[in-house]
Amino acid sequence: MATFTFRCAGLLIAGCLLAACSGADSASRTAASASADSKAAAAVPVAATVCERKLLVPADVAGLLSEPVTGTKPLKGDPETCYFITATDEQGGPEIGVTLRQANGRDTIKSWLSGRMGADAVTIAGVGESAVWVAELGELDAQKDDRLCVVALGGSALIHHPAGFQSKAGELCNKILAAP
């Protein structure tokens with residue numbers, strides 16, 4: 001939402017400056033601003049989770065948890081994160097969180113590798129442009145074109161990492177990051 005606001009504000013200011021410099025009257029400046037604002041709104045996609053966009057479906061994560069995936073749920077307050085859940089999710093059962101952020105991927109990976117995130121991260125090859133595995137969190141973070149993908153274990157799955165999860169999480173991020 002902040003990106004949308006800043007883009008709209010930037011286009012609005014640019015439209016006003018252009019109109020002012022060209023000597024247009026007040027009505028023309030208002031029309032130019034409204035036009036720029038509506039074009040900006042049309043160019044910015046509505047945020048939707050990986051689950052809502054069907055970039056991943058339960059079949060993609062099948063076999064990664066000790067229980068079958070029964071559905072998905074959003075993370076309240078974060079329109080870019082969703083969970084693949086099991087029937088025991090409400091009791092702390094296993095789940096897989098998936099996030100796709102449109103910005104700050106490079107900075108996030110650099111922060112992990114610099115040690116500023118408070119956990120050890122190791123570089124993973126072959127995932128996005130760069131990726132890290134954070135074993136103590138059961139989390140893989142990857143970036144491509146500054147987009148950030150995070151695939152993480154949650155609930156009881158965090159305690160018992162499934163065999164091959166790191167590799168499968170990399171495959172999932174590659175699939176997500178390949179989407180437009």
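Analyst: Strand β3 and strand β7 (residues 147-154) pair in the antiparallel sense over 7 bridges. Strands here are DSSP runs of E, at least two residues long, while helices are runs of H or I of at least four, all numbered from the N terminus. Two strands count as paired if DSSP finds at least two bridges between them. Within this pairing, Glu95 stands opposite Gly154 in β7.

β3 has another partner. Strand β2 (residues 78-86) runs antiparallel to β3 and is joined to it by 5 bridges. There, Cys82 has Val98 of β3 as its bridge partner.

Next, confidence. This is a predicted model: local features need pLDDT of at least 70, side-chain atom pairs count only at pLDDT 80 or more, and totals for chains, interfaces and linings use all residues. Residues are numbered from 1 along each chain as its sequence is written, and side-chain values use heavy atoms, with hydrogens and water left out. pLDDT is the predictor's confidence in each residue, from 0 to 100. The protein chain has a mean pLDDT of 78, with 73% of its residues at 70 or more. Confidence is highest in strand β6 (residues 139-144), at 98, and lowest in helix α1 (residues 2-21), at a mean of 31. Where pLDDT is low, the predicted coordinates should not be read in detail.
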